[in-house]
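Welcome, and please have your viewer ready.

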Amino acid sequence: MTCAVRESGGGWRCAGVRWPREVPELGWSRGGDRRVSVLAYGAGLGFRAVGERHCVGARGNVCPLGAVVPGRSTGGRCAECARLDRAHSVAADTMADDPRTYRVYLAWFGPGMVKVGITGEERGAARLREQGAVAFSWLGRGPLMAARRTEEVLRAALGVPDRIPYAKKRAVRGQLPGAEERAGAVAELYARAAELEGRGWPESLERLPLEVVDQVGIFGLHLDHAPGRSARESAPAPVRSVRELVDGGVVAGRLVAAAGPDLHLAVADGGVVVLDTRLITGWDLTAVTRATEVTEVPEVTGSDVRVPLIDIGGGGVQGGLF
């Protein structure tokens, strides 16, 4: 696994986690150059933040102001770049003539946490992995505006939100029910949604059959006990998360799981800390082992976290720098 680090004259900056396939990747940028680090569970990951955090720009363009942004911002953009990025997104409803096919999905993140959303069909399930959906099923496919209309109808009729905060997802991720219960929750939501066909559901949206996809294994959260197989321990439940990076702050550990933008790192005290990689975009990062442009990150035995942490589930901040 590779980790980008700072060099004199401008370093590589992390673009966060992406899920084009069923393994997480860290994206990196430096000017017009792009690189990717494929992550592996069980491998070490460590870096130190350097200097100030700068706006990541919008739509592949560098921020013209080179603006400094707050450490706790999960967007990592200044106000102007955030506006530009939003204006050209599907969610902004400014692409009514988009000729691509879209899919409507039903996603489950934990007990009582379900949502309806849409994604471009060519992206497959990447959007569901990016959101950290534990289980999901496709509901239908069709033109953008038909998919959008269906999404709105289902939200209103089923009383489901348009988004679920990542803090809530993290709070339940370590205590997920078994595969049968997860699948049952998605199937129940699908049945309720299917009942609305013909009642505000656009005719141009083709309904797809129920097929529950469970992503617990992809995320490395735990393995269910299957008949004929020996029991496997689940990954330790995370109890703390990184609140923000600071100049000189260190994050290092062994990657044990990942979901959406979150990396679960086993650290020296035996616990697991969640790093929301949206917090590291815009920082210059240097390896905690040696200062070369791109270096292999060895197994981390003396795991170290020296950034502000907060308890998962609504606890208070655990001191300043660790």
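Predicted model: local features only at pLDDT ≥ 70, side-chain atom pairs only at ≥ 80, totals over all residues.

Residues are numbered from 1 along each chain as its sequence is written, and side-chain values use heavy atoms, with hydrogens and water left out.

Let's begin with the whole chain. Its secondary structure comes to 6 helices and 18 strands, taken as DSSP runs numbered from the N terminus (helices are H or I with at least four residues, strands E with at least two). Of the 322 residues, 48% are buried; buried means under 20% relative accessible area, exposed over 50%, and partly exposed in between, with a 1.4 Å probe and protein chains only. Contact means heavy atoms within 4.5 Å, and among contacts with a separation of 6 or more, 68% join residues 24 or more positions apart. The accessible surface is about 14,900 Å², with 50% belonging to carbon and sulfur atoms; these areas come from the Shrake-Rupley method with a 1.4 Å probe, and for residues only the protein chains shown count as cover.

Now to helix H3, residues 144–158. Its 15 residues reach 21 Å from first C-alpha to last, close to the expected 21 Å at 1.5 Å a residue, where the expected span is 1.5 Å times one less than the number of residues. Its buried residues include Leu144, Val153 and Leu158, and their cover includes strands E6, E7 and E8 and helix H5. Beyond its neighbours within four places in sequence, Leu158 is in contact with Leu189, Arg192, Ala193 and Leu196. Just after H3, Gly159 takes a positive phi of about 70 degrees.

How many disulfides does the count give? The count comes to 0, a disulfide being a pair of cysteine sulfur atoms within 2.5 Å. The sulfur of Cys78 has its closest cysteine sulfur in Cys81, at 3.7 Å, so they are too far apart for a bond.

Here are some residues from this tour side by side.

| Residue | Relative accessible area | State |
|---|---|---|
| Cys14 | 2% | buried |
| Cys78 | 11% | buried |
| Leu158 | 11% | buried |
| Val23 | 35% | partly exposed |

Val23 lies in the loop between strands E2 and E3. Together with Val36 and Val38, Val23 forms a nonpolar surface patch of about 210 Å² accessible area. Patches are made of residues with over 30% relative accessible area and no salt bridge, joining like charges within 9 Å and nonpolar side chains (Val, Leu, Ile, Met, Phe, Trp, Tyr) within 5 Å; a salt bridge is a side-chain nitrogen of Lys or Arg within 4 Å of a carboxyl oxygen of Asp or Glu.
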